[in-house]
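Please look over the structure below. A short briefing on its helices, domains and salt bridges follows.

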Amino acid sequence: MSGTLGVAVIGTGRMGADHVRRIDRYVSGARVAAVADLDGDRAKELSAGLPGCTAHTDVAAALDAPGVQAVVVASPGPAHEEALYEAFARELPVLCEKPLTPDGAGALRVMEAEQRLGRRLVQVGFMRRHDAEYEQLKSWLDAGAHGRPLFLHCRHRNVSSPSFFTSEMLVNDSVVHEVDAARWLLGQEIAAVTVMAPATAAGAPRGVRDPQLVLLETVGGAIVDVEVFVNCGFGYQVQCEAVCETGSARIGDGWSMVTQGAGRWGGAIDQDYTVRFSNAYDRQLQRWVEATRAGRTEGPSAWDGYAAAAVCEAGVRAQRTGVRTTVELVERPPLYC
Ligand code: NAD
């Protein structure tokens with residue numbers, strides 16, 4: 001593909017608007033050619049400052065707009081499947097925000113449709129794979145100098161959750177990131193999930209079980225424990241410590257600047273994922289644009305989206321029943337091997 005890549009961005013809410021801003025200001029080799037949102041005014045407002053960008057309320061119309069060669073899907077999860085089929089119908093490469101689909105069955109249908117095309121078009125937006133600290137941890141684990149990985153101890157904390165957040169979403173909207181990160185870091189599928197919860201925190205919205213502890217068992221015998229606490233009140237923290245047979249490595253402590261004064265030392269805690277993972281979002285988009293212009297599809301695939309959805313489905317069952325729940329995956333199709 002030669003020239004500047006024309007991108008259609010579907011969904012112009014928090015993430016979509018952020019992706020539009022990134023493509024417009026920071027990513028080289030791409031421009032926003034069209035935006036679509038059910039809220040037409042929001043799409044129009046966003047497109048107004050972008051030369052040659054058209055605004056739509058309909059996904060198909062956005063993908064048919066002049067100059068569109070690739071798609072970023074940033075609408076809510078339940079709308080992803082339909083947008084992906086529209087992209088497939090036009091053989092357009094897609095960067096699809098997580099989740100690929102809200103459930104495993106939908107992700108299976110997407111994989112089947114992609115296999116019918118005979119080539120990969122989808123990259124899922126599991127942006128932690130592009131974060132410098134996660135990449136360092138992955139290299140450390142891959143080097144294997146300290147034996148087999150035994151544990152990943154993970155913490156995923158948000159200041160507060162959106163008003164629509166439910167107890168299930170702690171698993172399938174938040175922990176889904178740890179599910180993908182664990183599969184990628186360890187190079188292993190998740191075999192079983194157990195979910196426990198301590199007393200609900202005073203800051204949790206009515207009816208939401210927050211925090212929770214999610215235990216993931218991998219097929220290779222590692223255990224991943226995730227404290228997920230989405231109304232912790234004090235900051236956005238994503239931490240991960242890998243413990244191997246003879247060593248450990250830890251990321252996410254956020255020691256970027258330490259201040260000292262008045263007899264105290266300290267630093268700031270990020271308040272938001274758009275700050276903590278700002279560089280990861282930049283790198284994800286830049287790498288996607290470069291790969292797409294070179295005719296390649298890289299990064300987390302529809303298989304990764306499917307596996308994460310299947311683990312989260314098992315996680316929600318485990319949450320409801322209080323019982324360790326095994327994860328059932330179909331055989332991995334050759335397109336994703
Ligand atoms: P949002 O609610 O802020 O924005 C969604 C937008 O999509 C809204 O403007 C809405 O009007 C529009 N929309 C709804 N249905 C649509 C449809 N069928 N076609 C076109 N537009 C439609 O949501 P958000 O926080 O921006 O989340 C969007 C996606 O990004 C979700 O899949 C979410 O899980 C994901 N997300 C990813 C991360 C990450 O770190 N990777 C963080 C937050 C959200």
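**Briefing**

Asp18 counts as buried, at 11% relative accessibility (buried means under 20% relative accessible area, exposed over 50%, partly exposed in between, with a 1.4 Å probe and protein chains only). The model is predicted: local features need pLDDT of at least 70, side-chain atom pairs count only at pLDDT 80 or more, and totals for chains, interfaces and linings use all residues. Residues are numbered from 1 along each chain as its sequence is written, and side-chain values use heavy atoms, with hydrogens and water left out.

**Around Asp18**

- Asp18 is found in helix H1, residues 14-25 (helices are DSSP runs of H or I with at least four residues, strands are runs of E with at least two, numbered from the N terminus).
- Asp18 and Arg21 meet through their side chains in a salt bridge, 2.7 Å from N to O (a side-chain nitrogen of Lys or Arg within 4 Å of a carboxyl oxygen of Asp or Glu).
- The two residues are three apart in H1, so about one helical turn separates Asp18 and Arg21.
- Arg21 is partly exposed, with a relative accessible area of 29%.
- Asp18 and Ser278 are 260 residues apart in sequence, yet their C-alpha atoms are 9.9 Å apart in space.

**Other salt bridges**

- The count comes to 28 salt bridges.
- Arg157 pairs with Glu227 in a salt bridge, the closest N and O atoms being 2.7 Å apart.
- Arg157 lies in strand S7 (residues 149-157) and Glu227 in strand S10 (residues 223-229), so the pair ties together parts 70 residues apart in sequence.
- Arg157 counts as buried at 14% relative accessibility, whereas Glu227 is partly exposed at 23%.
- A network of salt bridges links Arg129, Asp180, Arg183, Glu189, Asp304 and Arg332.

**Helix H7**

- H7 has 20 residues (167-186) and should span 28 Å at 1.5 Å a residue; its end C-alpha atoms are 27 Å apart, which agrees (the expected span is 1.5 Å times one less than the number of residues).
- Of the 20 residues of H7, 17 are buried, so the helix is largely enclosed by the rest of the structure.
- Just after H7, Gly187 takes a positive phi of about 65°.

**Two domains**

- The protein chain is divided into domain 1 (5-127 + 279-300) and domain 2 (129-272 + 308-336), with bounds from an automatic or database domain assignment.
- Their centres, taken over C-alpha atoms, are 26 Å apart.
- In contact are 21 residues of domain 1 and 17 residues of domain 2 (heavy atoms within 4.5 Å).
- Four salt bridges are counted between domain 1 and domain 2.
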